[in-house]
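Hi,

Here is the model I said I would pass on. Have a look when you get a moment, and my notes follow below.

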Amino acid sequence: MARLKYITICIFCPLILSCVAAAVERFPPPDFESGYIQPTPTTPQPRQSFYEYIDAAVLFAALCLSSYLVLKKRNRRAIFVMMVFSLLYFGFWRKGCVCPIGASQNVILSIFDRDYAVPVVVVIFFLLPLVFTLFFGRTFCAAVCPLGAIQDLVLIKPVTVPSWLESGLRLFAYLYLGMAILFAATGSAFIICRYDPFVSFFRLSGNFNILVLGACFLIVGLFIGRPYCRFICPYGVILRQLSRLSRWRVTITPDECVKCRLCEDSCPFGAIREPTANWPANVYNIAKKRLTFLILLLPVLVFIGGLVGSGLNPVTSRTHATVRLAERVYQEENGQVEGATDASTAFRATGKDVEELYEEASGIREKFGFGGWFLGGFAGLVIGLKLVGLSVWRQRADYEADRASCLACGRCFEYCPREHVRLKKIKEGISKT
Amino acid sequence: MAENNNDVTRRHFLRDGFWGACLAGLGGIVGLVSRKSRGQNTVWQIDPYKCVACGNCATYCVLEESAVKCVHAYAVCGYCRICFGFLGPQPFEINEAAENQLCPTGAIKRTFVEDPYYEYTIDESLCIGCGKCVKGCNTFGNGSLFLQVRHDRCLNCNECSIAAACPSGAYKRVPADKPYIIKRVDHA
């Protein structure tokens, strides 16, 4: 019997070789006579869905507590402890997945892809911080986000970043958000997850390049407060805008600003805005003209951005595996490259038509061309609005935390003498002198 | 002064309006996705009928030792004496000696059942998910050896880094209550 099998193999080898990877029953399962009981393969189960809901509950509780500590308790030390807890729980214990930053991509994919059903917990993770930000400001960034926490912990010698550089670098975050949405919507890649610099630390293993990237962020983070949060984080971009509208927000002083300037340098994230002088009347006309020009420039920038974004579709669409495969197969068919990749071999083994693949790829490329208008237009809009924002004069009487940039870390609280009065560390009346 | 007050009210009105719009927008997004969202979480799994055993599973996983392991569907196995999932391409002899084995870590155990049948079992603690045996079994045998994401190890990353590197698109998200795709005899 065994010899028979051996001979069969030898004879049919060339024939069998021709159909790689197909599961064919070449040898019928034997009938055992010795009473042998066939084992079944083991299937260790994944973490139960029930536990995911616990994570969502912990997120909700953490957001509530964080908001309470920031707005009501105003205690940096308590916020710090909360932050360490979040880092340990959402970071090291849950290994950084699911996180609200990455969850945004699942929600986007679910909107654009009919076949993808997003798990409820992921929607909750995406939504809760946004809703909390609408009410309380960026308390998620303050003490719940593990990515923020790990950067906040290493910040030992803050250096002030000039505001022009800060705004310039921040544009990258907007672009990153736009790209993340485009790539998620087309089902190409989840770039936020792929290039998450800290998740390798949470897992204590991972891609070497990403580990190096994470280390770079932490080293830079020793001197520049939370570089990922301020210049890269795409979710932070959404939180910034929602935080502008928040019902309640962080104030440096618990009651009134005495303009003592003590808090001026307390913020490592450059989020404290000084009181402004009165509007200089002599430049009013020039400023008005400039603002009109910039507002008129806005649609032009959007159009140019859209044109560039759409024109880049041969490059951007290459993130999609099907487009890459189609290009490779095309090159192989036309003799532009020698040999075959794993992907093109696997494609040929399925026996699908090449033209069908090309058609699918060009469909995806069209999607990128269309989506590129939105991505580029969005980039143009962001740049234009930034220019408009710079030209608008805003009057401020007090030292204030910038609604968008303030990460609600609570560092500035103890700098305010009114805070010391509130805590009854010094007597009322000192500020009045 | 009155004008100034007016200005503040207008600003407040606008802000409230935007605030409401944002809340409504978030509600809209939830409404849009909740129609087809499901309570069940999803996990990553390999479709064994698409897998080409390229070997990426062993190297691309974020875990140092991949979460992907070889699984043996005994019901599909032919219990061959000469197993090309077990023996190297040109074995010196047909036996369990290390030099004859295909598996780089010796994770496949071969035990005699009855003449002429042998049972092959995978020692998961040794398996690295390289898929060499899978290729051998698919090419010459019934294809009863195949790769699966083992969910006691998998971290269930939002974007599986092996899925991103998979050349045949064999990775897919499956509901967490049916986390395995075990090969069967009657598969079309």
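Predicted model: local features only at pLDDT ≥ 70, side-chain atom pairs only at ≥ 80, totals over all residues.

Residues are numbered from 1 along each chain as its sequence is written, and chains are lettered from A and ligands numbered from 1 in the order in which they are written.

Chain B has four helices and six strands, in the order α-β-α-β-β-β-α-β-α-β along the sequence. (Helices, H or I with at least four residues, and strands, E with at least two, are DSSP runs numbered from the N terminus.) Its radius of gyration, taken over C-alpha atoms, is 27 Å, well over the 16 Å that the globule rule (2.2 Å times the number of residues to the power 0.38) gives for 188 residues, so chain B is more spread out than a compact globule. The C-alpha trace spans about 100 × 35 × 25 Å along its principal axes.

β5(B) pairs with β2(B) in the antiparallel sense over five bridges (pairing takes at least two DSSP bridges), and Val68(B) stands opposite Val149(B). In β1(B), too, five of the five residues are buried. Its antiparallel partner is β6(B), residues 171-175, again over five bridges, with Thr42(B) opposite Pro175(B).

What about the contact between the chains? Chain B puts in 67 residues and chain A 65, a contact being C-beta atoms, placed from the backbone, within 7 Å. On the chain B side, α1(B) gives the largest share, 11 residues.

Finally, the largest nonpolar core has 148 residues, and Phe125(A), Leu407(A), Cys412(A) and Leu147(B) have the most contacts inside it. (Such a core is a set of buried Ala, Val, Leu, Ile, Met, Phe, Trp, Tyr and Cys residues joined through C-beta atoms within 7 Å.) Helix α5 of chain A, residues 120-136, supplies the largest share, 11 residues.

Cheers

How values were computed: Buried ≥ 20, exposed ≤ 12 C-beta atoms within 10 Å, placed from the backbone. Contact = placed C-beta atoms within 7 Å.
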